[in-house]
Amino acid sequence: MAANRRNDISSSERGLGRILAAGNAHPRTALPTVATIVTTVAALYFGREVFLPIAIALLLTFALVPMVSALKRVGLPRLPAVLLSVIGAFAALGLFSFIVATQVSELAQNISVYQTNILTKVRSLKETGVGGGIIARLSGVIERVGQEIDKQDVAPPAADKPRREPVPVEIVARERPLEVLQNIIGPLISPLASAGLIIIVVIFMLLEREDLRDRFIRLVGYGDLHRTTQALQDAGKRVGRYLIMQLVVNIVYAIPIAIGLWVLGIPNALLWGLLALALRFVPYIGPVIGMLLPLFLALAVAPGWSLVLWTAALFVVMELVTGNVIEPWLYGSRTGLSPLAIIVAAIFWTWLWGPLGLVLSTPLTVCLVVLGRHVPQFEFLDVLFGNEPVLEAHARLYQRLLAGDPDEATDHAEEILEEKYLIDFYDTVAIPALLLGEQDRMRGVMGDQQRRQVAASAQILVANLADDAQEEASEEDAPTTTAEGTASKETDGIEEEEIELPDGKDMSVLCAGGRGELDDAAAAMLAQVLEVQGATVAKASFADMEPAGIRRLELEAIDTVVVGFLNRDSLKHARFLVRRLKRAKAGLRIGIVFWSDAEQGDVGQERQALAADISADFVAHGMVNAVLGALSPAPAVPLKVVSKRRDRRRPAPRKRVAAQATAATA
């Protein structure tokens, strides 16, 4: 008895440890203080003249590293490879700027020609009555306001004083040639100085790339070289790939735009193609801005409306083709950022650094997300802006069940079932979610009503997945299990021993919960998996497993009874259930399932020893082993007979104590 008690305690501790480990898979993310955030943002804002060129140089370095590496593989030394890459990149940027400036100058000279068409369209709108009342009222209001501003209260002139006209005065400023030259060159000094500084910084970053990497590792991650090296490689690869692929995508997008606008007859089609190429680096709003300017010009060029519609159709078609065909093909849109994070980052960096911050917002935020993914101190950045799920699948499902939202839980389950079998989902997601609920119940943070709500939501989830279960049951290829015991549709290139789940035809199984509503939900999941395998399944609640309820169970047509427990501190209760059920029907196979994570199940020898200890036919810890045990054709294990001699010895001490008490009373 002492040995059995120690086994019960150790089993309970192991079960509790597994449940707690399932709930603490992700440690709590430490958030920075408000003072740290304010100080960092203030430094970036007031030091933008210093940080902005460095940020541009850093991103250009990421973009030019593949080109430098390719030139070095050809045989060029480092210095010529760096100089050739930098000169080529900035020559392309200079040519781009020159063409844009030339096209803008030509457009400015012809803008007065388009005024007549714009006025004609406004008059046509007024004549047709579309918005005519609003236009007339707005024009009247503006005119009256202008008259009121120009009105001056002038006192009438005296009769005896003649009115004197003001004498016009003309001031002629004579500037020296040096001042004229200074006024022309002065505004160009700051942009040229910034461009020269960026070029120098890029050259030195490319030349000293390895040294800068070593210094960064020594500064922030010398204690974990593997993680820091992985972070640097991930940042360089992700940002460099994003910039290069986005440039390729934008070129593929801009060339048809320019050709289409030229065919339609839009003036300066080359300008609008180049602007579409540049503005598409700006997420979401860039393509819209690049479309508005040609639309306005189309409105001004032609007297009708057909050119405007054709121009809008050109941009819409190209955006759909680029976003749905070209970008997924070239993987140019996979930045690791959520859509909301891209919008928030665009607003933040625009406020911080202006238009250049808007262009740089996505690659800068990618760098921050990579930093948060690999450096624990900045993990909150990955949580806020990353596109990866921040909760594990079973935690997400438990949150939906806890909120009483089985419909959203069903949507989450169906997403997983697109890649996994039903037994996989229950074994690795749904059962661990119920284990989290059992953990909360054991800690006392879940009341009875909330526990019933979670169990009811889980039962609705199982009912909603009935159609998926029927589709899976009708498939020709049955699910298989790997040697570790998890079902899989494919091996992912890993050679593992696969075990085909048995056919449950002509077999009848009763699935029951052990001690509560959550156990009933787990039993319903097991019952659905057994139905997929073709077995005839009946379900019973934990209340039916009480002594009075067992007598009312119809066990004549049942081959196997499987009782599940989410709480492993139920060994004694399971032993009593096995005895009662085997006494209720001779030859009945009884299986006990102590639910746990699929990766944390005990080995087969331990399960066999535990089954022998409680006189069960099998003991399982996961969905796969439970199905294998329930559909096994093995004969039932006979119930152990308790020694009558030991039973006769038990009342003896009580009789002696009673005799002694009688003697003392006499």
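Two strands are said to pair if DSSP finds at least two bridges between them. In this predicted model, strand S6 (residues 560-565) and strand S7 (residues 589-594) are joined by six bridges and run parallel. The protein has 666 residues, of which 39% are buried, and its secondary structure comes to 27 helices and eight strands. Of the contacts between residues at least 6 apart in sequence, 75% join residues at least 24 apart.

**The parallel sheet**

- Five strands make up an open sheet with parallel pairing, and their order is S5-S4-S6-S7-S8.
- Strand S5 (536-540) and strand S8 (618-620) are the edge strands, each of which pairs on one side only.
- From one strand to the next, the twist averages 20°.
- Within the pairing of S6 and S7, six bridges are found, and Phe565 stands opposite Phe594 in S7.

**Helices across the sheet**

- Helix H21 (residues 517-532) lies across strand S4 (508-513), S5 and S6, and its direction is at about 160° to S4.
- Helix H23 (residues 571-584) lies across S6 and S7 and runs at about 165° to S7.

- Apart from neighbours within four places in sequence, Val537 is in contact with Val509, Cys511, Ala527, Leu530 and Glu531.
- Val537 and Ile558 are separated by 21 residues in sequence, and their C-alpha atoms are 8.8 Å apart in space.

**The second largest pocket**

- The volume of the second largest pocket is about 1800 Å³.
- Its lining consists of 41 residues, and those nearest the centre of the pocket are Ile56, Leu60, Leu93, Phe96 and Val359.
- Two or more lining residues come from each of helix H3 (48-74), helix H4 (78-110), helix H7 (177-207), helix H9 (225-264), helix H10 (269-279) and helix H14 (355-374).
- Helix H4 provides the largest share of this lining, with 11 residues.
- Sorted by class, the lining of the second largest pocket comprises 34 nonpolar, five polar and two charged residues.

**Residues with positive phi**

- Most residues other than glycine have a negative phi.
- Asn268, which is not a glycine, has a positive phi near 55°.
- Asn268 is located in the loop between H9 and H10, two helices that each give two or more residues to the lining of the second largest pocket.
- Asn268 has a relative accessible area of 10% and is therefore buried, because the limit for a buried residue is under 20%.
- Asp506 is likewise not a glycine and has a positive phi, of about 65°.
- Asp506 lies in the loop between strand S3 (498-500) and S4, and S4 is one of the five strands of the open sheet.
- Asp506 has a relative accessibility of 72% and so counts as exposed, because that class covers values over 50%.

Definitions and conventions
Residues numbered from 1 in each chain as written. Predicted model: local features only at pLDDT ≥ 70, side-chain atom pairs only at ≥ 80, totals over all residues. Heavy atoms only, no water. Helix = DSSP H or I, 4+ residues; strand = E, 2+ residues; numbered from the N terminus. Axes fitted to C-alpha atoms, helices over the stretch in contact; angles between N-to-C directions. Contact = heavy atoms within 4.5 Å. 1 Å grid on protein atoms, 1.4 Å probe; cavity = no way out; pocket = protein on both sides within 12 Å on 5 of 7 lines; lining within 4 Å. Points joined across faces, edges and corners; volume = space filled by probe spheres on them. Nonpolar A, V, L, I, M, F, W, Y, C, P; charged D, E, K, R; others polar. Buried < 20%, exposed > 50% of the residue type's maximum accessible area, 1.4 Å probe, protein only.
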